[in-house]
Amino acid sequence: MTDTALTRRRSENSHQKTWHIYFGDVHVGTIGTRAGVPKDVDQWGWHLGFYPGTEPGAHQSGSAETYPAARDEFERAWLQLEPTLTEENYEAWRRSRDWHAWKYRIWGNGCRMPTQNSSGWSTCFCGEQIPIACETHIYSAHRGIGA
Ligand SMILES: [Zn+2]
């Protein structure tokens with residue numbers, strides 16, 4: 001890509017070409033082939049916006065004939081959106097990412113969420129006692145777990 005600091009990662013789906021677009025470590029949008037559309041319409045679609053962090057109303061999307069054309073449109077939309085974002089926007093997304101990764105790790109390790117215990121406490125897979133309001137523990141002890 002150009003000088004927008006965006007990077008792309010290919011998704012694992014082999015039936016459909018999908019690029020996840022990242023700004024740093026934040027997944028800000030997607031560019032991919034549109035599944036099941038007729039041959040005579042735009043074959044590529046793009047979507048810009050992430051949640052949580054940006055409001056669904058601020059998201060933008062479109063379609064184009066080719067990947068480079070879709071990428072150009074995406075970059076233009078990004079250059080409009082990016083100046084409106086602050087570190088808080090990205091942080092909201094990172095926290096959600098880490099929260100979900102942590103929760104899956106808890107389940108995967110056979111641990112219980114504090115809400116599942118009548119005491120309201122549980123033991124994290126790292127060994128620490130965690131209360132129902134366990135966000136502080138996740139965001140300090142397990143920051144970046146979902147990266
Ligand atoms: Zn822990």
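A: **Starting from Thr66**

Let's begin with Thr66, which sits in the loop between strand 5 and helix 1. Keep in mind that what you're looking at is a predicted model.

Is Thr66 buried, exposed or partly exposed? Its relative accessibility is 36%. A residue is called buried under 20% and exposed over 50%, and anything in between is partly exposed. Thr66 therefore counts as partly exposed.

Now look at what its side chain is doing. A polar atom of the Thr66 side chain lies 3.2 Å from the backbone nitrogen of Ala69.

Five strands make up an open sheet, in the order 1-2-3-4-5, with antiparallel pairing. Strand 5 (60-64) is an edge strand, and so is strand 1 (6-10); each of them pairs on one side only. From one strand to the next, the twist averages 20°. If you're wondering what holds such a thing together, strands of a sheet pair through backbone hydrogen bonds, either parallel or antiparallel.

Strand 5 pairs with strand 4 in the antiparallel sense, over 5 bridges. To spot the pairing by eye, find Trp46, which stands opposite Gly62 in strand 5. Strand 4 in turn pairs with strand 3, again antiparallel and over 5 bridges. Here you can look for Thr30, standing opposite His47 in strand 4. Strand 4 is mostly covered, with 4 of its 5 residues buried.

While you're here, check the loop between strand 4 and strand 5, which is where Pro52 lies. The peptide bond joining Tyr51 and Pro52 is cis, with omega at about 0°.

Helix 1 covers residues 67-81 and lies across strand 1, strand 2, strand 3 (26-33), strand 4 (44-48) and strand 5. Compared with strand 4, helix 1 runs at about 15°.

Which residues coordinate the zinc ion? They are Cys124 and Cys126 through their SG atoms, plus His137 and His142 through NE2, at 2.0 to 2.3 Å. The angles among the 4 donor atoms are 106 to 113°, and the site is tetrahedral. For four tetrahedral donors, the ideal angle is 109.5 degrees. Along the chain, the donors follow the spacing C-x1-C-x10-H-x4-H. Two of them link distant parts of the chain, 13 residues apart: Cys124 in the loop between strand 6 (121-123) and strand 7 (129-131), and His137 in helix 3 (residues 135-141).

Leaving aside residues up to four places away in sequence, His137 touches Trp102, Cys124, Cys126, Glu128, Ile130 and His142.

Technical notes
Residues numbered from 1 in each chain as written. Predicted model: local features only at pLDDT ≥ 70, side-chain atom pairs only at ≥ 80, totals over all residues. Heavy atoms only, no water. Pairing = 2+ DSSP bridges. Helix = DSSP H or I, 4+ residues; strand = E, 2+ residues; numbered from the N terminus. Axes fitted to C-alpha atoms, helices over the stretch in contact; angles between N-to-C directions. Contact = heavy atoms within 4.5 Å. Donors = N, O, S within 2.8 Å, 3.2 Å for Na, K, Ca; no water. Tetrahedral: all angles 85-135°; square planar, octahedral: opposite > 155°, others 65-115°. Buried < 20%, exposed > 50% of the residue type's maximum accessible area, 1.4 Å probe, protein only. Polar contact = N/O pair within 3.5 Å; in protein donor to acceptor, adjacent residues only side chain to side chain.
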